[in-house]
Amino acid sequence: YRNRKIVPLKALDFVSMQVELRAEEGEDLAGLQEVRFASGQWLWVDGIPVSGQTPESLSRALSGIEVSEFVSDSPDSLEPYGLDNPVVRAVIGGASGHEMTLLIGDEGPPQEGLVEQQVPRRYLKIEGEPSVYLFDHKAMTWIHHLIREGNRKDAEGAGGTP
């Protein structure tokens with residue numbers, strides 16, 4: 001029996017998240033954003049409070065990641081999974097000082113859901129560990145929200161347009 005839960009931290013134990021998103025083909029959303037939890041609220045790296053629930057939702061999504069399939073415990077190459085140049089690199093910091101980095105790669109084969117529904121999945125790897133997994137990539141929605149909101153804040157702060 002293998003534990004399907006990847007992130008050993010509970011969402012409430014997250015104190016920082018640094019997320020880097022690489023634009024995929026046909027997409028232009030990309031960037032690097034970092035948030036930290038201090039004084040009872042999520043703050044951007046520049047100390048400005050984050051409005052809304054995106055960091056909280058992202059921390060819940062990341063802490064709740066469960067493996068839908070164990071792909072390989074010792075892949076010869078990460079390239080077939082898009083993990084040699086991951087779409088997402090997410091560094092999670094916990095209150096205990098524990099830190100881990102999740103690498104999210106290409107889309108994998110979808111999982112068959114109920115009523116002929118197909119659930120999209122992506123390849124996932126924990127940096128420093130050899131195994132490659134597939135997971136239901138719902139966390140990608142919150143990753144996109146965090147990058148979009150942070151990029152908008154940065155553009156407004158630089159005198160750009162929202």
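This is a predicted model: local features need pLDDT of at least 70, side-chain atom pairs count only at pLDDT 80 or more; totals for chains, interfaces and linings use all residues.
## Overall build

Numbering starts from 1 along each chain as its sequence is written, and side-chain values use heavy atoms, with hydrogens and water left out.

## Fold and dimensions

The protein has 2 helices and 8 strands, and from the N terminus they come in the order β-β-β-α-β-β-β-β-β-α. These elements are DSSP runs numbered from the N terminus: H or I over at least four residues for helices, E over at least two for strands.

Along its principal axes, the C-alpha trace spans about 45 × 40 × 35 Å.

Take contacts (heavy atoms within 4.5 Å) between residues at least 6 apart in sequence: 58% of them join residues at least 24 apart.

## Largest pocket

A pocket is an open set of points on a 1 Å grid over the protein atoms alone where a 1.4 Å probe fits, with protein on both sides within 12 Å along at least five of seven lines; lining residues have an atom within 4 Å of a point. The largest pocket comes out at about 200 Å³, the volume being the space filled by probe spheres set on points joined across faces, edges and corners.

Its lining has 13 residues, with Leu12, Phe37, Trp42, Glu56 and Ser59 nearest the centre. Strand 3 (41-44) and helix 1 (54-63) each supply at least two lining residues, and helix 1 gives the largest share, 4 residues. By class, the lining splits into 7 nonpolar, 4 polar and 2 charged (nonpolar is Ala, Val, Leu, Ile, Met, Phe, Trp, Tyr, Cys and Pro; charged is Asp, Glu, Lys and Arg; the others, Gly among them, are polar).

## Second largest pocket

The second largest pocket has a volume of about 160 Å³. Around it sit Trp44, Pro49, Val50, Ser51, Glu149, Arg152, Lys153 and Glu156. Helix 2 (residues 139-157) provides the largest share of this lining, 4 residues. The class tally here is 3 nonpolar, 1 polar and 4 charged.
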